[in-house]
Structure formats: structure tokens, C-alpha cells
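Open the model in your viewer and keep the selection tool ready.

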Amino acid sequence: MDYGFIRVAAVVPRVNVADCRFNSKEIIGQMLLAAGKGAKIIVFPEMSVTAYTCADLFFQKELLATAVEALDEIKRASASVNAIVFVGMPVCGVNAIYNCAVAICRGRILGVVPKTYLPNYNEFYEKRWFASAAGAPFSEIELCGEAVPFGSDLLFKMGNATIAAELCEDVWTPIPPSSYAALAGANVIVNLSASNEVIGKHDYLCNLVSQQSARCLAAYIYSSAGYGESSTDLVFAGNAIVAENGEFLAQGDRFSAEPVMAVADIDIEKIENDRRSITSYADCMAQNGKPFRVVSFNLDAIPVYGKLLRRINRYPFVPANGTILTGRCEEIINIQVAGLARRLSAIGCRNVVIGVSGGLDSTLALLVAAKAFDRLNLPRTGITGITMPGFGTTGRTHSNAMAMMEALGISIKEISIKAAVEQHFGDIGHDASVQDVVYENSQARERTQILMDYSNKVGGIVVGTGDLSELALGWATYNGDHISMYGINAGIPKTLVKYLVKWFADCYFNGNDAIVPALHDIIDTPISPELIPADENGDIKQKTEDLVGPYELHDFFLYNMLRHGFSPRKIYLLARQAFDGDYNDETIKKWLKTFVRRFFSQQFKRSCMPDGPKVGSVSLSPRGDWRMPSDAAAAMWIKECDEL
């Protein structure tokens, strides 16, 4: 499982009711097909060997015996398959029949897991035929000439993958067996099911699968009966689902007359990282853990797949679905507004000061402030927007800043920093023709001094504009734009900022001709601190992404490093697939190394960052999510980047 990935398949084969020989051939064919796709965990539906709808035929000795013969055929065929396979069938125990999931690997039966919760309501009559796992008086059973482990307390382990099985109704109960299995170490849950279709049930089922995978912090592979089951009273559509921690990775077509297969690559490393970081998981395990028996098995070395069968979001902070994105933007802005409004009311403040450059970050901060003032029923004139032209300010950003402030009806001030900075250069003996870090940072600190002092003058606070991505890279002047009295954008990554500004333009100010054109032009303006003079055409010369790299890459690196704890090697693997066709390998390596180097070296700025609201699952606040020594060594991470 190099990189932590393992390929899995949920398979819905064709069946004939009570025709075990036909069913075993279908299972074997689909097993070989799934293995050919690289699947290492292959899951078939409940009672897939006999079909689920055999009813009182389950009492027939001929059916039960033929089912064992069919299982033996599947077992022998699995000898050449480099996978663990789960099939469903009735298994005879002491004076009872059990509805079971049978785990098979490389020509042997690893174990038999009986169903715990038997539905006996509405259309279900399982207690008529089967006994529950809870009452089984034995822990081993003879099957196909082998003595094999039997019970709902079995885990199947290979390397970092630990698999537990449950059957259909088990997941519909208040405490599914998989909950206890997950607390015992199972990070992959398989569910062999035969859930019929009625209106609305599919959506409810998907919610159950999603929620159980999320609560267990596990992968969940679900396969339910489909075409070929009896239609006497019920219809079975066939559901093939692969989920991981609440997210669907693959789903097969329903109501298909042909076999259906959902194949995906689950990430065991991601699951394990989540479990380690969420300490309440370990607490729950300590309080509710139960003993399980572990059955170990081995497969041949699992290759690194050329292309992962899972969606890798190149913009992990931005929802891909337009409707979801619109709702998410509104929610994020409401979080920001609520944070600022609460801070203002708590300190009894009716005035804020914002440096407005005409760039994305300061625009978002100003828009949030205006909405917060509206919520508090405060006049927007209590917001002072200060534009501070410097050596690199362009006409485009200046005019957009002015147009936006005028349209919002806030108080406006324009204070040029040129003379003050030139005086400062003279005071410290710096040659103004040398456009180095002194040249740039002097301007940033002069602007901050103006904002701070003016906020004192009006009895207000300075609202900061720096974003999460800039904090990660340290792309801020220490004791300059790095400092404010409330960092409203501290939880917003750069790739998300433009969508939030666009939400204001298209949803909040929809139809307001005075401000919308300026907002759209701000969205289209290149990202720049504008600390270096413009080019001969008056256009922005200093473009941030030319200097530190594309923010879409850095946000991708940031999310995967902090949210999942991935190493540079794994992040590089994911980035190559996510950005295939846009960035070559050398470019990704270059900026990944830049990100790692800057992330470590710039921690000292984050250690004293201002208060600001957490918005998403990644935050860099030293009081909240991220605590890191400023002198931590980056050597191991840099070395791995160099070896890519």
C-alpha cells in the first residue's frame, strides 16, 4: 500500500434465485474482472451465492449443500486472485442457519461473519430463516473442509488495512457492529446488503453510508443485491458504493440488467491521520472498545497505480458544485461578519479602519465590515477606508478602490506614503534606487503606522486584510501588514477569496451598478502588493505569483499537509494528478520545496498573529489549530522534496 492507497471494488453481479452454480460463475467472472482492475478488496452482495429472495427454500438441504459447493468453486478460483473477496451466503451452524459474509483470500477461507441484526418487519422475515450472530454458541465452524473462525468479532488485517464486515440491516441500527469494529482498529468496513427499493429509500441509505463512514473515520464499501432477485413483491436496484469518511468516492448505476462495479482507491493513511488527530476517537475507543479476533492475511506487493481512481480536488478549499459553492460562500461570509460584529459589540467600538488597496483581500475585508455594520445597525460612515498610494500603486487599483468605497458610502481618506517613506530612507541611509526588501517593507510598515494611528484618532480598530495563504507563506511584512487588531481574513485561503468577492458582486449587490463593475475588475486584477513601480504602460509589474509561486498550488500543498498530515512525497503524487496538463513535474517540485521552506521559516509571524475567525478545517492560529516552534527544522521535509 505505497502512499497508503488501496484499490477496492463493490460489485453487483447478476443472479438467478436458488441457482448457486450460475451465481458462482457470475461471481467468479466479476471477481476476476475486478482483480484485473487492480482491486484488492472485492465485495459482493448479501446472499450473492444463493440470491437473497429464496424465502422458505433456505430450509431446503439441497440449496444449503449446493451453496457450499458453489463457495468451494469460488474459493478455488480465488487462488490466482491477489485480493480478499467477500461473498454472501447461508451457513449452517448448530441447529440454526446464519446469514453470513464469507471472507476468501488466495484459495482459503479466512473467516465467516454472521449478520447481527435480522429485520423482521414490513417486507422482511429474516428471523423466519436465520439466527442472529448474537446468539451463536460457537466461534469456529467447518466450511468447505476447513475449520474457520466464525463470529461478528472478526477483523481481517493486511499491513495498515484492517477490514470488518457487517450485513445490510446492521448499518440501519442505532449502534451498528461496524462502530465497535472501528474502535477495535477496523479502517475499512464492508457491507454485504440486499436492500430493496421504495421511494426515498436510496437517499436515506446514502446518508446512512456517508454518516457511518464519517463516524467511524473509515472507508465503507457497500454492495447490495440487484438484477435477478425475485420481483414477486420487491424490486432490487443494486447499489455499489465506495465511501470514505463521509465522502462518496464511487457509485455504480442502479437498475442495471448488467453487472455493476464501483472501483475506487481508498486512502488508509488519510484515515489513520484523521484518527490520530481527533483525540475524542481514542477516548471513545477507551470507553467503548470490545475485544475482536484478528485474522491476518497477505497479498503480493501492491503497485503504485498510474492514476488514482478517486477525485483529487485541485481546489480543496473551494466546492466544485456551483450551488454548494454559493451556499458555502454565504456561510463563510456570515462567519466573518459574526466574528467582527461580536468583537465590535464586545469592546463597544463603533469605528473601524481598513487599508483599501483595490486588491482582493482588502476588498473582502471592507465588504465584510460593511455587512457587519449593517447587522449592528451602525452607519457605514463609521468605516474609514484609507487608500495609501505608494511607489507601485497603479491607476487601475486606485480607481477600483475609490469606486468601491464611494458606492459603499463609507468614510474615505487618501494619504500618500511616498514623502514619508522617502524621508525614512534618508533617516536610515537607504538608497531609494535599490528596490530590495528594505524598499518594500518600509512602505508596508508606513501604511500600518498610518492605519494604527488613525484608528487611535477615531477611537476604532484596524481590521486586517491578510489571508490564510499569505500566513502560510509568510508573505507579509512583520510588524507591517502582518499586524492588525482583528484579522478578518485569517481563515480564508487565497483561492477562495475571489469567490467570496464574486458572491458579494453577484448575490449581495446584485443589480447595484455603482459597485459591481469595480468588484468584477478587482477579481480580474493580478495579485500584487504593489511595492515596486509599475511598468512603462502603468500596469502592475510586481506579481506575487511570479515571486512565490501559484496560489492554487500553495493552497493545495497547505491543505494536504495540514489537514491530512501528508508528506511532500505524497503531496507531490497527488499534485501531479490534480494539475496534470497545467504544471509539469519540475514546476510542481520547485514550488512544493518553496512552500515547505517558507512554511517552516515564517512560523514566527504566525506565532504572534492577531485574533481572527476560523472558517474552515485548516487554520494557522497559534491559539487554535496550529502550534509549532518558530525554530523547528525543515531538514527532513526539504530532503524529501530534493529526492522527488
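In which helix does V421 lie? Select helix α10, residues 418-428, and V421 is there. This is a predicted model, where local features need pLDDT of at least 70, side-chain atom pairs count only at pLDDT 80 or more, and totals for chains, interfaces and linings use all residues. Residues are numbered from 1 along each chain as its sequence is written, and side-chain values use heavy atoms, with hydrogens and water left out.

**Stop 1: around V421**

Helices (H or I, at least four residues) and strands (E, at least two) are DSSP runs, numbered from the N terminus. V421 counts as buried because its relative accessibility is 1%. Buried means under 20% relative accessible area, exposed means over 50%, and partly exposed is in between (1.4 Å probe, protein chains only). Now show the contacts, meaning heavy atoms within 4.5 Å. Leaving aside neighbours within four places in sequence, V421 is in contact with F391, S442, Q443 and E446. Next pick A432, which is 11 residues from V421 in sequence. The two C-alpha atoms are 9.3 Å apart.

**Stop 2: the whole protein**

Zoom out. The protein has 20 helices and 20 strands. Along its principal axes, the C-alpha trace spans about 100 × 50 × 45 Å. Of the 644 residues, 56% count as buried. Among contacts between residues at least 6 apart in sequence, 74% join residues at least 24 apart.

Colour by charge. There are 60 positive and 71 negative side chains. Lys and Arg count as positive, Asp and Glu as negative; His and the chain ends are not counted. The centres of the two sets lie 3 Å apart, with each charge placed at NZ of Lys, CZ of Arg, CG of Asp or CD of Glu.

**Stop 3: helix α17**

Select residues 568-578. This is helix α17, and it is mostly covered: 8 of its 11 residues are buried. Which ones are buried in α17? They are P568, K570, I571, Y572, L573, L574, A575 and A578. Now show what they pack against. The partners are strands β1 (5-12) and β14 (260-267), with helices α5 (268-277), α16 (551-562), α18 (585-601) and α20 (635-642).

**Stop 4: the loop with L217 and A218**

Go to the loop between α4 (201-215) and β11 (219-224), where A218 has its place. L217 is in the loop between α4 and β11 too. Phi of L217 is near 45°, a positive value in a residue other than glycine. Most residues other than glycine have a negative phi. L217 counts as buried because its relative accessibility is 8%.

Is A218 buried or exposed? A218 counts as buried, because its relative accessibility is 0%. Leaving aside neighbours within four places in sequence, its contacts include A186, N187, I189, A243 and R275.

**Stop 5: F255**

Move to the loop between β13 (247-251) and β14, where F255 is found. Phi of F255 is near 60°, again positive in a residue other than glycine. F255 counts as exposed because its relative accessibility is 54%.

**Stop 6: strand β4**

Select residues 96-105, strand β4, and pick Y98. Y98 is buried, with a relative accessible area of 2%. Not counting residues up to four places away in sequence, Y98 touches several residues, among them M89, P114, F130, F138 and F150. V190 is 92 residues from Y98 along the chain, with 18 Å between their C-alpha atoms.

**Stop 7: C608**

Finish in the loop between α19 (603-606) and α20, the place of C608. C608 is partly exposed, because its relative accessible area is 33%. Which residues is C608 in contact with, leaving aside neighbours within four places in sequence? They are Y478, H482 and I483. Last, pick D427: C608 and D427 are 181 residues apart in sequence and 28 Å apart in space, C-alpha to C-alpha.
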